[in-house]
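Open the model in your viewer and keep the selection tool ready.

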Amino acid sequence: MIPADFLMHENDNPDFYNRQWRYYYDRIRKLLERQRTFFSTGKTLPVSFRLRQLEKLKRSIQKNEPLLRHALKKDLGKSNMESYMCEIGLTLSELSWMQRH
């Protein structure tokens, strides 16, 4: 997870920002490469694997709902109800639909 203080402010040192940016860029690049390698193994093909992943995502969203609501409030100014109706609840509903079909 990228920390909130990652973003550069006017008075920040550009060298510090560049080092931070490079650190996260490298981590994301390595993660993406691992994901591509895993995908190429074919382990994601079985429906059973995909259903397990959908369930894990659903549980993770439910577990972290307070953090998601807080981020949506802070970043986009969304109320708790708007966050649930337009983002969280909608996503959970779509996940449930995908699990059934």
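A residue counts as buried under 20% relative accessible area, as exposed over 50%, and as partly exposed in between. Keep those cut-offs in mind at each stop. One more point before you start: this is a predicted model.

**Stop 1: the aromatic rings**

How many aromatic pairs does a search of the whole structure find? The search finds 3. Select Trp21 and Tyr25 to see a stacked pair. Their ring centres are 5.0 Å apart, with 15° between the planes.

Next, select Tyr23 and Tyr24. This aromatic pair is edge-to-face, with 80° between the planes. The centre-to-centre distance is 4.9 Å. Colour the two residues by accessibility. Tyr23 is partly exposed, because its relative accessible area is 42%. Tyr24 is at 11%, so it counts as buried.

**Stop 2: the nonpolar core**

Clear the selection. Which residues make up the largest nonpolar core? Pick these 6: Leu54, Ile61, Leu72, Ile88, Leu92 and Leu95. Two elements, α2 (47–63) and α4 (80–100), each give two or more residues to this core. The most come from α4, which gives 3.

Stay here and centre the view on Leu95. Set aside residues up to four places away in sequence. What does Leu95 touch then? It touches Leu54, Leu57, Lys58 and Ile61. Of these, Leu54 and Ile61 are also on the list of core residues.

**Stop 3: a lysine in a loop**

Now move to Lys78. Where is this residue? Lys78 sits in the loop between α3 (65–76) and α4. Is Lys78 buried or exposed? Its relative accessible area is 12%, so Lys78 is buried.

Show the side chains of Lys78 and Glu87. A polar contact of 2.5 Å joins them. Then widen the selection around the lysine. Leaving aside neighbours within four places in sequence, Lys78 is in contact with Leu72, Lys73, Ser83, Cys86 and Glu87.

Key: Residues are numbered from 1 along each chain as its sequence is written. This is a predicted model: local features need pLDDT of at least 70, side-chain atom pairs count only at pLDDT 80 or more; totals for chains, interfaces and linings use all residues. Side-chain values use heavy atoms; hydrogens and water are left out. A nonpolar core is a set of buried Ala, Val, Leu, Ile, Met, Phe, Trp, Tyr and Cys residues joined through side-chain atoms within 4.5 Å. Buried means under 20% relative accessible area, exposed over 50%, partly exposed in between (1.4 Å probe, protein chains only). Helices (H or I, at least four residues) and strands (E, at least two) are DSSP runs, numbered from the N terminus. Contact means heavy atoms within 4.5 Å. Rings of Phe, Tyr and Trp (its six-membered ring) pair if their centres lie within 6.5 Å; planes under 30 degrees apart count as stacked, over 60 as edge-to-face and the rest as tilted. A polar contact is a pair of N or O atoms within 3.5 Å; within protein, one must be able to donate a hydrogen and the other to accept it, and residues adjacent in sequence count only if both atoms are side-chain atoms.
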